[in-house]
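Biologist: Please put the model up. I want to ask what stands behind some of the labels.

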Amino acid sequence: MNEHRQDEDQNNKPNASFENSGHHGDLIGEINTSDISPVQANSSQRVLIVTAVDAEKDAVLRGLGDTAAERFDVIAAGVGPASAAAGTAATLAYAVAAASTRALAQASTAPSPSDVAQASATSSRPGPLAGTGYSPAYMLVISAGIGGGFPGRADVGSLVVADAMVAADLGSQTPDGFLSVDELGFGSSIVAADAELAARLRHELQRAGLAVSGGTAVTVSTATGTAETAAELLRRVPDAAAEGMEGFGVATAAQQFGVPALELRAISNAVGPRDRDAWRIKDALDALQAASSILREVITS
């Protein structure tokens, strides 16, 4: 009887950890450099997966299986776009520094200007590091976790592989309504996903029998809890499919380092009125695990 109760408590633990504040709750991930594999000469072929909390990280690792360390580094960076961006950037910077230090230690002479130029050319994507001589330590960064799905677009228990990540509440209120930072002329609230990889991953997930959709993943700092807010988000982002709290932060950090990004969401609840009884967090974590096993095949094939 006690053993059964312990198993039941263990199975319910993820639900408790996510329950208190939207999708994530009080279980905050801490970045540990031991989560990051030593950067090898072929590190540019590695993939960084960023979750918010340990429950998501564990689901991803279960899906990736025993071979995860060969190609993947998985971290729990914390809840919200700021923690996600900071954790992603710190990990990318650590990996670049480690690779540069190892390269210098192995080199018998200082790198020539042509070597530096060649390293700079390894990333053609825009970002402050472009042209600096620092080559990216990862081929791809993925924001992965559970989140809300917009009814009729992403059902509870299904998956969303986003076409773009949008900071849906980044802007200003005006007498005429909300204006995004794009409309204000202060920057961009949109980061496009790697289109080819997103389409390929969706295709393989469908082939595996998993329900998956595309569309935009909106990032918010306050999880939606009313029908009015859900309708306003759809007005701002008509093709919104999923809501999370980290995707845009992760994607922005990746963009700064010239690395493409994806967002993968497993849907635990409908975006709209807050109804805890309808949340299916365990089902969403199971879907995230299943998707991660397919992700491993897509990336390594």
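Biologist: Why is T222 called exposed?

Modeller: Its relative accessible area is 60%. Exposed means over 50%, buried under 20%, and partly exposed in between, with a 1.4 Å probe and protein chains only. So T222 counts as exposed. T222 sits in the loop between strand 10 (216-219) and helix 8 (227-236). Helices (H or I, at least four residues) and strands (E, at least two) are DSSP runs, numbered from the N terminus.

Biologist: What are the ground rules?

Modeller: This is a predicted model: local features need pLDDT of at least 70, side-chain atom pairs count only at pLDDT 80 or more, and totals for chains, interfaces and linings use all residues. Residues are numbered from 1 along each chain as its sequence is written, and side-chain values use heavy atoms, without hydrogens and water.

Biologist: What makes helix 2 oblique to helix 10?

Modeller: The axes of helix 2 (residues 54-64) and helix 10 cross at roughly 40° and come within 7 Å. Axes are lines fitted to C-alpha atoms, for helices over the stretch in contact (heavy atoms within 4.5 Å), and angles run from 0 to 180 degrees between N-to-C directions. Under 35 degrees is roughly parallel, over 145 roughly antiparallel, 65 to 115 roughly perpendicular, and the rest oblique. Therefore helix 2 is oblique to helix 10.

Biologist: Which residues of helix 2 and helix 10 make the contact?

Modeller: Helix 2 supplies A55, E56, A59, V60, R62, G63 and L64. Helix 10 supplies L285, L288, Q289, S292, S293 and R296.

Biologist: Which residues is I142 in contact with, leaving aside its neighbours within four places in sequence?

Modeller: V47, L48, I49, V50, V250, L262, L264 and L295.
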